[in-house]
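Hi everyone, thanks for coming. Let me put the structure up, and then I'll walk you through a few places in it.

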Amino acid sequence: MDVLWEASESLTVRQVSEQLTERDLAHTTVMTVLDRLSKKGFARRQRDGRAWRYRAAESREAYVTELMLSALDQTGDRQAALARFVRSVSGSEARALQHALEALARPHDQHEDLSKS
Amino acid sequence: MTAVLVLGLMTATCVQAAAVLAAARWPRRAPAAAIVLWQALGLGWGLAAVGTLIGLGTAGQDLGGSAGSGTAPPGAGALGSGVAGGAVTALGRLVRGQLGFGPMALARLASLVAGLVLLMLLVWVLLSASAAVLRARQRQRALLSLLAHGDPKVPGALVVDYPAAAAYCLPGLRSAIVISAGTLDLLDSAELAAVLAHERAHLRERHDLVLLPFVALLNGFAWSPVVRKAHQAVALLIEMHADDMARRHRPARELATALLRVGAAGGGLAPSGALAAADPASDCDVTARVTRLLRPSQGLPAAALALVAAAATLAIVVPAAVLVIPF
């Protein structure tokens with residue numbers, strides 16, 4: 001998939017194989033992987049004579065954005081689909097957290113005083 | 001009729017108890033016990049509410065039945081074998097057209113239908129929420145298999161090259177912990193370890209399955225303030241419980257600073273920040289978690305835990321017993 005993302009034009013199976021020089025993959029293996037990618041909608045393919053030419057359906061950035069937005073989205077079923085470490089907070093709360101963080105960053109004994117007061 | 005009264009009371013009690021529990025402070029001291037109580041109240045409410053409606057629909061149906069035809073077994077009230085048995089009997093008569101007519105019979109029929117509709121609605125929201133969750137996870141896994149890579153800083157977790165701070169776990173049989181590259185830059189190694197410990201607790205204890213019924217309820221009854229509060233409370237308690245689990249292995253301070261850093265960094269980039277801002281009650285969630293970590297309070301005494309366990313048992317056993325045991 002990285003090969004497809006870096007290519008400026010659509011590639012044949014042979015061209016993809018050639019780019020994957022560090023890994024000695026059989027032509028049919030590459031073909032199977034590309035076929036699977038296109039079935040999942042990650043790659044688009046079109047006929048070029050006897051061969052298929054493949055290109056990425058969306059840019060890598062678009063997929064990263066989709067992945068992260070669906071993870072950061074706080075609505076509906078996604079809340080149950082995955083569990084976030086911490087909900088992102090609103091502006092005023094973020095400022096309050098910043099203050100708390102600065103208080104924590106001070107020497108430990110000062111912080112102890114702070115929490116006792 | 002006694003059974004219906006008990007069920008009706010249980011329905012109201014569960015809602016009332018949920019409102020009280022949502023406002024209570026003690027759950028922060030014993031999140032695990034409070035989560036169990038929430039689950040019991042949810043299940044108890046479902047059983048009692050469905051049972052009340054169906055019970056109303058079937059109570060005293062021998063009168064209606066004998067008015068329509070003489071085949072009703074003499075003296076065998078609908079509750080002779082519990083409300084569940086009564087519902088089956090009533091449905092059988094409905095199919096055979098023996099329920100009788102008149103305003104009372106119609107009212108009973110409406111109540112019976114309402115009970116069945118509520119039951120189907122509850123099952124439906126749970127199924128559709130599960131299906132949506134599975135779909136979302138499948139898409140996440142497919143994307144992760146293309147985009148994510150490992151990183152020695154966070155062993156066992158997947159890293160996605162994304163500048164904002166994000167950390168989450170993808171529960172399921174093939175679970176994964178996902179950390180954005182932005183988080184790697186933001187946190188030091190001790191804080192990252194604390195984040196991983198927190199997420200592993202979620203995965204190990206399948207907290208997603210705990211939350212799922214409450215998400216389903218929220219999807220079905222978003223208009224209800226009690227349901228919204230219940231969902232919010234359970235979500236927070238699950239996080240607090242995972243914090244507690246992480247604290248067993250990592251110093252609480254590291255987890256607290258990690259929470260503060262990720263929470264503060266995510267602020268400007270939250271795609272649905274408007275939602276969080278519109279919900280002032282949840283606005284102090286992160287602060288509450290941090291406060292808990294830095295100033296751990298005593299857990300609940302054993303007597304109080306026993307009380308919670310007893311309440312949870314009652315919430316389920318009473319409606320379940322009334323539904324199946326003949327009165």
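Let's start with Val133(B), which counts as buried because it has 25 C-beta neighbours inside 10 Å. By that I mean that a residue is buried if 20 or more other C-beta atoms lie within 10 Å of its own, exposed if 12 or fewer, and partly exposed in between, with C-beta atoms placed from the backbone. Before I go on, this is a predicted model, where local features need pLDDT of at least 70 and side-chain atom pairs count only at pLDDT 80 or more, while totals for chains, interfaces and linings use all residues. Residues are numbered from 1 along each chain as its sequence is written, and chains are lettered from A and ligands numbered from 1 in the order in which they are written.

Back to our valine. Val133(B) sits in helix 5 of chain B, residues 103-147; helices (H or I, at least four residues) and strands (E, at least two) are DSSP runs, numbered from the N terminus. Along the sequence, Val133(B) and Asp208(B) are 75 residues apart, yet their C-alpha atoms are 9.6 Å apart in space.

Between helix 7 (189-204) and helix 8 (207-220) of chain B, the loop holds Arg206(B). Its phi is near 50 degrees, a positive value in a residue other than glycine. Arg206(B) counts as partly exposed because it has 13 C-beta neighbours inside 10 Å.

Now the domains of chain B. The assignment, which is automatic or from a database, gives domain 1 (1-123 + 298-327) and domain 2 (184-296). Across the boundary, 13 residues of domain 1 of chain B are in contact with 16 residues of domain 2 of chain B, contact meaning C-beta atoms, placed from the backbone, within 7 Å. Which helix gives the most to the domain 1 side? That is helix 2 of chain B, with six residues.

Over to chain A, which has seven helices and four strands. Of its 117 residues, 31% are buried. Strand 2 (residues 43-48) and strand 3 (residues 51-56) of chain A run antiparallel, joined by six bridges; strands pair if DSSP finds at least two bridges between them. Gln46(A), for instance, has Arg53(A) in strand 3 of chain A as its bridge partner. The hairpin of these strands has two residues between them, and Gly49(A) there takes a positive phi near 65 degrees.

Conventions: Contact = placed C-beta atoms within 7 Å.
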